[in-house]
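User: Please take me through this model by question and answer. Keep it short.

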Amino acid sequence: MTQELGFGQPMGGVAQTAFIVPDLEAAIRQWAADMRAGPFFVLPHLLVPGQTYRGQESRADVTLAMGFAGHMMIELIQPLDDHPSVYRETIETRGYGYHHMGIACADVEADVAAYAQRGWHEAYRAAVPTGGEVVYLDNGSGAATGFIELLPVTPGMDATFTRFWEASRNWDGRDPIRPFA
């Protein structure tokens with residue numbers, strides 16, 4: 001892996017900003033029209049086996065979309081049920097809006113340990129289709145101020161997100177909603 005991801009963000013740095021939204025399609029259209037971000041690639045029903053929330057098995061289902069504003073990946077997340085999750089926790093604490101920053105990690109487990117030494121603890125973990133597992137960290141105020149998500153930089157992740165970024169370059173605003181695969 002290089003020190004810079006294919007979409008221009010640094011390894012070990014912020015690669016993503018995420019928001020919880022009540023209506024994914026409406027949010028995509030707003031981001032495309034008002035912030036000229038996009039196009040957005042939608043991953044429906046990210047309900048994977050083995051996900052955990054606060055140490056317990058989680059059955060929370062979400063649909064998400066990823067697009068770019070410059071080199072910054074924007075993730076929009078719509079919860080699809082009322083199961084306990086980091087998303088419901090945030091909505092219940094302060095409503096929709098900002099949720100987390102995603103940090104690009106070469107070794108998620110090593111970074112989990114390093115953050116734990118600074119007082120962060122695991123709030124959520126799930127496998128992702130681009131390889132590896134994401135881990136959301138909480139410093140005790142995650143739902144109130146935002147979480148950190150550790151993003152595993154795998155060849156699949158870098159290639160997928162670079163493809164999304166390339167689609168955003170010179171994007172003319174047409175077809176703002178596209179399939180993830």
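User: Which strands are included in what covers the buried residues of H5?

Analyst: This is a predicted model, where local features need pLDDT of at least 70, side-chain atom pairs count only at pLDDT 80 or more, and totals for chains, interfaces and linings use all residues. Residues are numbered from 1 along each chain as its sequence is written, and side-chain values use heavy atoms, with hydrogens and water left out. Buried means under 20% relative accessible area, exposed over 50%, partly exposed in between (1.4 Å probe, protein chains only); helices (H or I, at least four residues) and strands (E, at least two) are DSSP runs, numbered from the N terminus. The cover of the buried H5 residues, Phe161 and Trp165 among them, includes S2 (40–43), S5 (62–69), S6 (72–79) and S10 (147–152).

User: How far apart are the end C-alpha atoms of helix H5?

Analyst: H5 runs over residues 155–168, 14 residues in total. The expected span of a helix is 1.5 Å times one less than its number of residues. For H5 that should be 20 Å, and the end C-alpha atoms agree, at 20 Å.

User: Is Pro179 buried or exposed?

Analyst: Pro179 sits in strand S11 (residues 177–179). Leaving aside neighbours within four places in sequence, Pro179 is in contact (heavy atoms within 4.5 Å) with Phe41 and Val42. Its relative accessible area is 60%, so Pro179 is exposed.

User: How are Tyr87 and Tyr124 arranged as an aromatic pair?

Analyst: Rings of Phe, Tyr and Trp (its six-membered ring) pair if their centres lie within 6.5 Å; planes under 30 degrees apart count as stacked, over 60 as edge-to-face and the rest as tilted. The whole structure has twelve aromatic pairs. In this one, the centres of Tyr87 and Tyr124 are 6.1 Å apart with 65° between the planes, which is edge-to-face.

User: How many residues apart in sequence are the parts that this pair ties together?

Analyst: Tyr87 is buried at 6% relative accessibility. Tyr124 is buried too, with a relative accessible area of 5%. Tyr87 lies in helix H2 (residues 86–94) and Tyr124 in strand S8, so the tied parts are apart by 37 residues.

User: Which residues form one aromatic cluster?

Analyst: Phe161 and Phe164 are buried residues of H5. Both belong to the cluster. The members are Phe7, Phe41, Phe68, Phe161, Phe164 and Phe180.
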